[in-house]
Amino acid sequence: MRRLLIAGNWKMNMKLESAKELAQGLKEAAKDVSEVDIAICPPSLYVEPVGQVVAGSNIGLGAQNGYFEKAGAFTGELEMAMLTDVGCQYVILGHSERRHIMGESSELVNQKVRAALAAGLTPIVCVGELLSERESGVTNDVNRRQFDGSFSGVSAEDMKKCVIAYEPVWAIGTGKVATPEQAQEVHEFLRGLIADRYGQEVADVVRIQYGGSVKAGNAKELLSKPDIDGALVGGASLKVDAFMGIINAVR
Ligand code: PGA
């Protein structure tokens, strides 16, 4: 049985005080939640102070990015070991905003995925097609390419530790959520890819989250689909009530 993982991707939002307040509010509101895994991914600068707020609670801590190289001359980057050093368990990699705004290739994402695994982090690896790609019928090709590129050289044992987030780019921050059927179709396709590349035993344990305009009102229907094992939540993770609404809807 795969445990659901509900992760908040705060993106480039909050300031120090509001970040700590949000974390404190969530910690109190979620203290009795034991049925699902919860994580929050603040901006890098606030990971450590937010981590102090949620330390010892049932809320996991993640970063939104990390670099693949070991410490050295890489101005502006963060080593994976720095993330674990301040308490991170998760790191989001290959988010569409990094792929499309920052121009990250699957090759770079792959280097980061392998570095994250080597550092003991759980990578949350995002894949997903653009609207134009969906409309031209290449959804599966795009997701297959991103999957194979991002996980190249990752062993079966390590694959089991990864989380995949299927995030159709057209559904991110747009309020245009994929239907549960559209999402399930891609999740099933992705699980089939894992089975093909790594065997069914691995495919059965890897969690595949859905992301893109998830909120309390649509979470239950999405997450009741057999291959949808959680949610990566942007906008609705920035308020205690909205995030708790999702968690409570799927407990
Ligand atoms: P959204 O973002 O929930 O605001 O659509 C999801 C994401 O990008 O992870």
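Predicted model: local features only at pLDDT ≥ 70, side-chain atom pairs only at ≥ 80, totals over all residues.
Q: Is K160 buried, partly exposed or exposed?
A: Buried means under 20% relative accessible area and exposed means over 50%, with partly exposed in between. The relative accessible area of K160 is 26%, so K160 counts as partly exposed.

Q: Which residues is K160 in contact with, leaving aside its neighbours within four places in sequence?
A: Contact means heavy atoms within 4.5 Å. With the neighbours within four places in sequence left aside, the contacts of K160 are E201, V202, V205 and V206.

Q: How far apart in space are K160 and A219, C-alpha to C-alpha?
A: In sequence, K160 and A219 are 59 residues apart. In space, taken from C-alpha to C-alpha, the distance between K160 and A219 is 25 Å.

Q: Where is Q182, and is it buried, partly exposed or exposed?
A: Q182 has its place in helix 9. Its relative accessibility is 27%.

Q: Which residues does Q182 touch, not counting residues up to four places away in sequence?
A: Residues up to four places away in sequence are not counted here. R99 is 83 residues from Q182 in sequence and 22 Å away in space, C-alpha to C-alpha. The residues that Q182 touches are R134 and W170.

Q: Is E129 buried or exposed?
A: E129 lies in the loop between strand 5 (122–127) and helix 6 (131–135). The cut-off for buried is under 20% relative accessible area. E129 has 0% relative accessibility, so E129 counts as buried.

Q: With which side chains does the side chain of E129 make a polar contact?
A: E129 touches several residues beyond four places in sequence, among them Y166, E167, R134 and W170. A polar contact needs a pair of N or O atoms within 3.5 Å. Another, at 2.9 Å, is with the side chain of W170.

Q: Is H187 buried or exposed?
A: H187 is found in helix 9, residues 180–198. Its relative accessible area is 0%, which means that H187 is buried.

Q: Which residue has its backbone oxygen 3.0 Å from a polar atom of the side chain of H187?
A: Leaving aside neighbours within four places in sequence, H187 is in contact with Y166, I208, Q209, Y210, D227 and I228. The backbone oxygen that lies 3.0 Å from a polar atom of the H187 side chain belongs to D227.

Q: How many residues surround the ligand?
A: The closest residues to the ligand are K11, H95, E167, G173 and S213. A side-chain N or O atom of K11 is 2.7 Å from an oxygen atom of the ligand, and a polar side-chain atom of E167 also lies 2.7 Å from a ligand oxygen. The number of residues that surround the ligand is 13.

Q: How far is an oxygen atom of the ligand from a polar backbone atom of G173?
A: G173 is among the closest residues to the ligand. In G173, the polar atom concerned is in the backbone, and its distance from an oxygen atom of the ligand is 2.6 Å.

Q: What is phi of K11 near?
A: K11 is found in the loop between strand 1 (5–9) and helix 1 (16–29). Phi of K11 is positive, in a residue other than glycine, and is near 50°.

Q: Is S213 buried or exposed?
A: S213 is in the loop between strand 7 (207–211) and helix 11 (216–223). Phi of S213 is also positive, near 60°. At 17% relative accessibility, under the 20% cut-off, S213 counts as buried.

Q: What is the volume of the largest pocket?
A: The largest pocket is lined by 13 residues, with K11, M12, Q64, R98 and M102 nearest its centre. By class, the lining has five nonpolar, five polar and three charged residues. The volume of the largest pocket is about 380 Å³.

Notes. Residues numbered from 1 in each chain as written. Heavy atoms only, no water. 1 Å grid on protein atoms, 1.4 Å probe; cavity = no way out; pocket = protein on both sides within 12 Å on 5 of 7 lines; lining within 4 Å. Points joined across faces, edges and corners; volume = space filled by probe spheres on them. Nonpolar A, V, L, I, M, F, W, Y, C, P; charged D, E, K, R; others polar. Helix = DSSP H or I, 4+ residues; strand = E, 2+ residues; numbered from the N terminus. Buried < 20%, exposed > 50% of the residue type's maximum accessible area, 1.4 Å probe, protein only. Polar contact = N/O pair within 3.5 Å; in protein donor to acceptor, adjacent residues only side chain to side chain. Near = heavy atom within 4 Å.
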